[in-house]
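Open the model in your viewer and keep the selection tool ready. We will go from the whole chain to single residues.

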Amino acid sequence: KVSRSSLGARHDLSVNWRDAMRPVRDAAALGRNGADALRDATLRFFADAKNKGVPSTAEMDKKETASDLLTLVRAVNGFSATKDLSSLTRGVDALVADLVALDAVALDNEVVAVLCA
């Protein structure tokens with residue numbers, strides 16, 4: 001099943017958010033030793049979201065989704081200037097818009113501060 005969103009104009013309801021985020025979370029847990037893995041996993045997450053749609057957040061807690069969103073934003077903000085940076089920034093903006101529209105993310109002070117940075 002696929003539904004509309006601003007990122008790739010659809011949601012991929014067949015893909016679970018947790019499964020899609022697992023490589024990003026695993027790479028982020030490696031800290032500085034996982035910088036290349038985090039970049040690759042983040043690029044893969046956004047490429048999949050663009051091509052297939054945003055993963056389903058139906059079974060997600062809003063705070064967990066917010067935590068994952070912060071991981072993605074911090075990863076993108078930590079990238080050195082690359083050819084993919086501007087498209088990733090647009091991808092982050094679209095993902096935030098989608099998650100807010102779905103009421104799937106808790107917008108607490110930390111989330112807002114990171115998004116505004």
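What does the accessible surface of the protein chain come to, and what share belongs to carbon and sulfur atoms? The surface is about 6,700 Å², and 51% of it belongs to carbon and sulfur atoms. Such areas come from the Shrake-Rupley method with a 1.4 Å probe; for residues, only the protein chains shown count as cover.

Two ground rules. Residues are numbered from 1 along each chain as its sequence is written, and side-chain values use heavy atoms, with hydrogens and water left out. This is a predicted model: local features need pLDDT of at least 70, side-chain atom pairs count only at pLDDT 80 or more, and totals for chains, interfaces and linings use all residues.

**Whole chain.** Switch to cartoon view. The protein chain has 5 helices and 3 strands. Helices (H or I, at least four residues) and strands (E, at least two) are DSSP runs, numbered from the N terminus. Along the sequence, the pattern is β-β-α-α-β-α-α-α. Of the 117 residues, 38% are buried. Buried means under 20% relative accessible area, exposed over 50%, partly exposed in between (1.4 Å probe, protein chains only).

**Confidence.** Colour by pLDDT, the predictor's confidence in each residue, from 0 to 100. The chain's mean is 83, and 85% of its residues reach 70 or more. Select helix α1 (residues 17-29): confidence is highest there, at a mean of 95. Now select strand β1 (residues 2-3), where confidence is lowest, at 36. Over residues 1-6, pLDDT stays under 50. Where pLDDT is low, the predicted coordinates should not be read in detail.

**Ser 56.** Select strand β3 (residues 54-56), which holds Ser 56. Is Ser 56 buried or exposed? Ser 56 is buried, at a relative accessible area of 17%.

**Asp 103.** Move to the loop between α4 (85-101) and α5 (109-116), where Asp 103 sits. Asp 103 has a positive phi of about 55°, although it is not a glycine. With a relative accessible area of 47%, Asp 103 is partly exposed.

**Val 112.** Go on to helix α5, which contains Val 112. Val 112 is partly exposed, at 37% relative accessibility. Which residues make a nonpolar surface patch of about 220 Å²? Show Val 100, Leu 107 and Val 112 together: they make that patch.

Definitions and conventions
Patches are made of residues with over 30% relative accessible area and no salt bridge: like charges are joined within 9 Å, nonpolar side chains (Val, Leu, Ile, Met, Phe, Trp, Tyr) within 5 Å. A salt bridge is a side-chain nitrogen of Lys or Arg within 4 Å of a carboxyl oxygen of Asp or Glu. Contact means heavy atoms within 4.5 Å.
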